[in-house]
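Please keep the sequence and the structure in view while reading.

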Amino acid sequence: ANFHALRPHGKLAQSTPQQTDVKEDETNLDTQLYLIVATNQSVNDEKLPASLDGVVKQLRTTLPFKNYRLAATLINRVKNEGRLDLSWIGGPLASAVGSSSPATPSFSQFKVRMVKLTKNSAGDPVVQMLGFNFGARIPIQVGAVAVNGVVPPTNYETTGLATDISIREGEPVIVGTLNVGPSGDAIILVVSAKRTSK
């Protein structure tokens, strides 16, 4: 025998599919990666952005370098829980290490597997950067200085850093330090991220 659920007044009950409105998270974050060159060489006194004052103060108390200068600022927008991947040839990093030329450029890459807005145990907003990865292939001259336009022998050395980090929203933090080149200079990676205004 077939049984049917009856509504009051003897009408058959009809099941209606449940409609759930799932709103997509449209939050975006602006990320800034600063490449700061630390050196003991004499360089022009270059004023770094005011937003990095706290970082520079920390650097001067912990690292034995005379001068710090900003080699590059990489600004990118990424969706909450999205990924970030960019690469470039030559440019700011090349000028930072001073060993690149058009014939021997440097190759750099910056990746984050996921940028996620969340809260820490105190309930303060933080940004997680999972799979943060910065890497570079830097030309190191191993032969004599170029003569008559002949490029001296050059080896490419790989340098980089990979980690997972959580940072306070909008607060620049030092992620790591990479020694580059025979000069003893270092590249300091500083990152910041905050929600976009629109």
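Which strands form the open sheet, in what order, and with what kind of pairing? The open sheet has four strands in the order 3-4-5-6, and their pairing is antiparallel. The model is predicted, and local features are reported only where pLDDT is at least 70. The points below move from the sheet to the nonpolar core, the aromatic pairs, the salt bridges and a loop contact.

**The open sheet**

- Strand 3 and strand 6 (154-168) are the edge strands, each pairing on one side only.
- From one strand to the next, the twist averages 10 degrees.
- Strand 4 and strand 5 run antiparallel and are joined by eleven bridges.
- Q109 has G135, in strand 5, as its bridge partner.

**The nonpolar core**

- The largest nonpolar core holds 32 residues. Those touching the most other members are L33, L35, F110, F132, F134 and L189.
- At least two residues of this core come from each of strand 1, strand 2, strand 3, strand 4, strand 5, strand 6, strand 7 and strand 8.
- Strand 5 makes the greatest contribution to this core, giving seven residues.
- As a general background, nonpolar side chains in soluble globular proteins tend to be buried together.

**Aromatic pairs and a charge over a ring**

- Four aromatic pairs are found in a search of the whole structure. One of them is formed by W88 and F134, with 6.4 Å between the ring centres and 45 degrees between the planes.
- Is W88 buried or exposed? W88 counts as buried because its relative accessibility is 15%, and the cut-off for buried is under 20%.
- F134 is also buried, with a relative accessible area of 1%.
- F110 and F132 form an edge-to-face pair, 5.3 Å centre to centre and with 65 degrees between the planes.
- F110 belongs to strand 4 (residues 107-119) and F132 to strand 5, so their pair ties together parts that lie 22 residues apart in sequence.
- F110 is buried, at a relative accessible area of 1%, and F132 is buried with a value of 1%.
- R137 lies over the face of Y156, at 5.1 Å from the ring centre.

**Salt bridges**

- How many salt bridges does a search of the whole structure find? The search finds three.
- D30 forms a salt bridge with R77, and their closest N and O atoms are 3.1 Å apart. D30 is in strand 1 (residues 28-39) and R77 in strand 2 (residues 67-79), so this pair links parts of the chain that are 47 residues apart. D30 counts as buried, at 18% relative accessibility.
- R168 forms a salt bridge with D124, with 3.6 Å between the closest N and O atoms. R168 lies in strand 6 and D124 in the loop between strand 4 and strand 5, so the pair ties together parts 44 residues apart in sequence. R168 is partly exposed at 43% relative accessibility, and D124 is partly exposed with a relative accessible area of 29%.
- E169 forms a salt bridge with R195, the closest N and O atoms being separated by 2.8 Å. E169 sits in the loop between strand 6 and strand 7, while R195 is in strand 8, 26 residues apart. E169 is partly exposed, with a relative accessible area of 23%, and R195 is partly exposed with 41%.

**A loop residue**

- Where is G184 found? G184 is in the loop between strand 7 (173-179) and strand 8 (186-195).
- G184 counts as partly exposed, at 42% relative accessibility.
- The C-alpha atoms of G184 and T39 are separated by 7.3 Å, although these residues are 145 residues apart along the chain.

Notes: Residues are numbered from 1 along each chain as its sequence is written. This is a predicted model: local features need pLDDT of at least 70, side-chain atom pairs count only at pLDDT 80 or more; totals for chains, interfaces and linings use all residues. Side-chain values use heavy atoms; hydrogens and water are left out. Rings of Phe, Tyr and Trp (its six-membered ring) pair if their centres lie within 6.5 Å; planes under 30 degrees apart count as stacked, over 60 as edge-to-face and the rest as tilted. Buried means under 20% relative accessible area, exposed over 50%, partly exposed in between (1.4 Å probe, protein chains only). A charge sits over a ring if NZ of Lys or CZ of Arg is within 6 Å of the ring centre and within 35 degrees of the ring normal. Two strands pair if DSSP finds at least two bridges between them. Axes are lines fitted to C-alpha atoms, for helices over the stretch in contact, and angles run from 0 to 180 degrees between N-to-C directions. A salt bridge is a side-chain nitrogen of Lys or Arg within 4 Å of a carboxyl oxygen of Asp or Glu. A nonpolar core is a set of buried Ala, Val, Leu, Ile, Met, Phe, Trp, Tyr and Cys residues joined through side-chain atoms within 4.5 Å.
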